[in-house]
Amino acid sequence: NKDMHKPAFELRGFGKTKLLQPGESQTLSIVLQPRDLASFSEEESAWVAHAGQYRLYAASSSEALGQPASFVLPARQVVEKCGKWLLPRVAINEWQPGR
């Protein structure tokens, strides 16, 4: 399998509190599904979530990240297998960062 290039951070959940008064708090829950961790594998024509450690950040913005929580996905998961319906007739050389 070719390496799947992913950005360092991806927004995978979003929640908004009600208008909070000073000192007031509210708990938000955001549930991640395996598809939220997946990348598309062209070789397999499937969405794949790779095994490994994942870090989650709760933040008010991408510039105000707090301490991460982490979890481990113990095994690689094929989340969705897709058909090869729209294959190009000629090979396409894609741009890859760092190449």
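This is a predicted model: local features need pLDDT of at least 70, side-chain atom pairs count only at pLDDT 80 or more; totals for chains, interfaces and linings use all residues.
Who does arginine 12 pair with? Its partner is glutamate 10, and the two side chains form a salt bridge with N to O at 3.0 Å. Is glutamate 10 buried, exposed or partly exposed? With a relative accessibility of 37%, glutamate 10 is partly exposed.

A quick word on the background: side chains with opposite charges can pair when their charged atoms come close. How many salt bridges does that give here? The count is four, and I'll walk you through some of them.

Next up is lysine 18, which is bridged to glutamate 24, with 2.8 Å between the closest N and O atoms. Lysine 18 is partly exposed at 48% relative accessible area. Glutamate 24 is partly exposed too, at 30%.

Then we have glutamate 80 and arginine 35, another salt bridge, where the closest N and O atoms are 2.5 Å apart. Why might you want to look at this pair? Well, glutamate 80 is in strand β5, residues 77–81, while arginine 35 is in the segment before β1 (39–41), so the bridge ties together parts that lie 45 residues apart in sequence. As for accessibility, glutamate 80 comes in at 35%, partly exposed, and arginine 35 at 36%, also partly exposed.

Let's zoom out to the protein chain.

How much of the chain is buried? Buried residues are 13% of the 99. The chain exposes about 8600 Å², and 53% of that is supplied by carbon and sulfur atoms.

On contacts: taking those with a separation of 6 or more, 53% are between residues 24 or more positions apart.

Last, back to charge. The chain carries 12 positive and 10 negative side chains, and the centres of those two sets are 3 Å apart.

That's my tour, happy to take questions.

Key. Residues are numbered from 1 along each chain as its sequence is written. Side-chain values use heavy atoms; hydrogens and water are left out. Buried means under 20% relative accessible area, exposed over 50%, partly exposed in between (1.4 Å probe, protein chains only). Helices (H or I, at least four residues) and strands (E, at least two) are DSSP runs, numbered from the N terminus. Contact means heavy atoms within 4.5 Å. Accessible areas come from the Shrake-Rupley method with a 1.4 Å probe; for residues, only the protein chains shown count as cover. Lys and Arg count as positive and Asp and Glu as negative; His and the chain ends are not counted. The place of a charge is taken as NZ of Lys, CZ of Arg, CG of Asp or CD of Glu.
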